[in-house]
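Open the model in your viewer and keep the selection tool at hand.

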Amino acid sequence: RTEVRRQKAENRKQKTEDGKQRIEVRKQKTEGIRQRTENRGQRAEDRRWRMVASKSLKKKNLRNKAKILFSWLFVFLYAAFIFFLSSLPHPLPERFQKYVSDWILHGVEYGVFGFLLIRAMVFSFWKHSMPFLFMMALSLGVLYGVSDEWHQSFVPNRRASAQDVAADGLGVFLGALTWVK
């Protein structure tokens, strides 16, 4: 009997140790699964963040491209408006021309043009220095003023004038200066 009891006790002890080992193996497996799941979750989260970041960069890129496109569109539309005004034999009624100097009209007209030019150039060529962009806007504005005066020389009842070109240049300068400041 004692022998049988001892064997039963040893068997119970063995079963207990086997059970403990099985429990330990189960714990290790569970921990391994948990770690793989966490890693998978972390990788998925990383992927999600990368996708969000790339989408926001794409949106930002699209916004910048749209800003550039619209700024140049405004420049070209305003240049077309100036061309249209230059092609009219009498752009303003005579009673209005008595009170407002032609120089002021040219200065204001080309001041807006200079503002639009420098704005479009800064958006498009942001890597260049501001003085360079300012000089480019001034050059383009004055060249357009010269071409505008040349165009006016072909319109009946209009004449080209160096004073108008000077007023155009001054207007471009002041308009571009307002953006720089």
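The stops below each begin with something to select.

This is a predicted model, in which local features need pLDDT of at least 70 and side-chain atom pairs count only at pLDDT 80 or more, while totals for chains, interfaces and linings use all residues. Residues are numbered from 1 along each chain as its sequence is written, and side-chain values use heavy atoms, with hydrogens and water left out.

**Whole chain**

Select the protein and colour by secondary structure. There are 5 helices and 0 strands, and the order along the sequence is α-α-α-α-α. Helices (H or I, at least four residues) and strands (E, at least two) are DSSP runs, numbered from the N terminus.

Switch to a surface view. The accessible surface is about 13800 Å², and 63% of that belongs to carbon and sulfur atoms; areas come from the Shrake-Rupley method with a 1.4 Å probe, and for residues only the protein chains shown count as cover. Of the 181 residues, 24% are buried. Buried means under 20% relative accessible area, exposed over 50%, and partly exposed in between (1.4 Å probe, protein chains only).

Contact here means heavy atoms within 4.5 Å. Of the contacts between residues at least 6 apart in sequence, 77% join residues at least 24 apart.

**Helices α3 and α5**

Select residues 102-124 for α3 and 162-180 for α5. Two packed helices are described by the angle between their axes and the distance between the axes. For this pair the angle is about 45° and the axes are 6 Å apart. Axes are lines fitted to C-alpha atoms, for helices over the stretch in contact, and angles run from 0 to 180 degrees between N-to-C directions.

That angle makes α3 oblique to α5; angles under 35 degrees count as roughly parallel, over 145 as roughly antiparallel, 65 to 115 as roughly perpendicular and the rest as oblique. The crossing is right-handed, a crossing being left-handed if the near helix is turned anticlockwise from the far one by less than a right angle, and right-handed if clockwise.

Show side chains at the contact: W103, Y110, F115 and F123 are among those on α3, and the α5 side includes A167, G171, V172 and W179. The contact divides into 11 nonpolar, 8 polar and 4 charged residues. Ala, Val, Leu, Ile, Met, Phe, Trp, Tyr, Cys and Pro count as nonpolar, Asp, Glu, Lys and Arg as charged, and the others, Gly among them, as polar.

**Helices α4 and α5**

Residues to display include F134, L138 and V142 of α4, with V165, F173 and L177 of α5. By class the contact has 12 nonpolar, 3 polar and 3 charged residues.

**Single residues**

Select S71 in helix α1, residues 2-87. S71 counts as buried because its relative accessibility is 1%. Beyond its neighbours within four places in sequence, S71 is in contact with R119, A120 and F123.

Move to M136 in α4. M136 is partly exposed, at 32% relative accessible area. Its C-alpha is 8.4 Å from that of M121, 15 residues apart in sequence.

Finish at N157, in the loop between α4 and α5. N157 is not a glycine, yet has a positive phi of about 65°. With 63% relative accessibility, N157 counts as exposed.
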